[in-house]
Amino acid sequence: RSDRKVYRGIDIEFHLLLARAHGNAEIERVMTRQTEKLQRIITRIIGQHPPRMVEGTLEHAAILRAILEGAEDEAVQLMREHLAWGRKFLATRLLQ
């Protein structure tokens with residue numbers, strides 16, 4: 001349980017950090033206002049699919065690596081795939 005709580009916090013902070021670094025104040029405001037909802041979503045995902053903690057961490061590392069290497073297109077694509085996984089997972093679960 002504590003691992004999930006720590007992961008949840010790190011996951012949200014990673015996304016907030018990217019929004020801040022990109023200068024996307026609107027996304028940062030939305031995420032900050034919706035922190036509790038995001039925590040519930042992340043908790044649900046990792047509760048139903050525990051390997052997602054490792055998968056998500058590896059995806060975050062790949063995104064950060066691409067950013068640090070200046071591979072903007074790759075970073076954007078990796079982020080899109082990362083976010084799409086969550087949307088697809090939740091949509092699939094909501095239909096069940």
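How many residues apart are Trp85 and Phe89 in helix α5? Select helix α5 (residues 72-94): Trp85 and Phe89 are four residues apart there, so about one helical turn separates them. Helices here are DSSP runs (H or I, at least four residues), numbered from the N terminus, as are strands (E, at least two).

Before going further, note the ground rules. This is a predicted model, where local features need pLDDT of at least 70, side-chain atom pairs count only at pLDDT 80 or more, and totals for chains, interfaces and linings use all residues. Residues are numbered from 1 along each chain as its sequence is written, and side-chain values use heavy atoms, with hydrogens and water left out.

**Stop 1: the ring pair**

Stay on Trp85 and Phe89. Rings of Phe, Tyr and Trp (its six-membered ring) pair if their centres lie within 6.5 Å; planes under 30 degrees apart count as stacked, over 60 as edge-to-face and the rest as tilted. The count by this rule is one aromatic pair. Trp85 and Phe89 form that stacked pair, with 5.0 Å centre to centre and 10° between the planes.

Now colour by accessibility. Buried means under 20% relative accessible area, exposed over 50%, and partly exposed in between (1.4 Å probe, protein chains only). Phe89 has 9% relative accessibility, so Phe89 is buried. Trp85 has a relative accessible area of 25%, so Trp85 is partly exposed.

**Stop 2: Arg52, over the ring**

The charged end of Arg52 sits over the ring of Trp85, 4.0 Å from the ring centre. The criterion is NZ of Lys or CZ of Arg within 6 Å of the ring centre and within 35 degrees of the ring normal. Arg52 counts as buried, because its relative accessibility is 5%.

Next, show Glu59. Arg52 and Glu59 form a salt bridge, with 2.5 Å between the closest N and O atoms. A salt bridge is a side-chain nitrogen of Lys or Arg within 4 Å of a carboxyl oxygen of Asp or Glu. Glu59 is partly exposed, at 24% relative accessibility.

**Stop 3: other salt bridges**

The structure holds six salt bridges. Pick Glu69 and Arg65 next. Their closest N and O atoms are 3.0 Å apart in a salt bridge. Glu69 is exposed at 56%, while Arg65 is partly exposed at 35%. Salt bridges with shared partners also join Arg52, Glu55 and Glu59 into one network.

Then go to helix α2 (residues 25-33). Glu26 and Arg29 both lie there, three residues apart, about one turn of the helix. Their side chains meet in a salt bridge of 2.9 Å, N to O. Glu26 has a relative accessible area of 42% and is partly exposed. Arg29 is partly exposed, also with 42%.

**Stop 4: a nonpolar patch**

Switch to the surface view. Select Leu64, Ile67 and Leu68: they make a nonpolar surface patch of about 290 Å². Patches are made of residues with over 30% relative accessible area and no salt bridge; like charges are joined within 9 Å, nonpolar side chains (Val, Leu, Ile, Met, Phe, Trp, Tyr) within 5 Å. Areas come from the Shrake-Rupley method with a 1.4 Å probe; for residues, only the protein chains shown count as cover. Leu68 lies in helix α4 (residues 52-68). Leu68 is exposed, because its relative accessibility is 69%.

**Stop 5: Lys37**

Finish in helix α3 (residues 35-48), where Lys37 lies. Lys37 is partly exposed, at 45% relative accessibility. Draw a C-alpha to C-alpha distance from Lys37 to Gly9: they are 13 Å apart in space and 28 residues apart in sequence.
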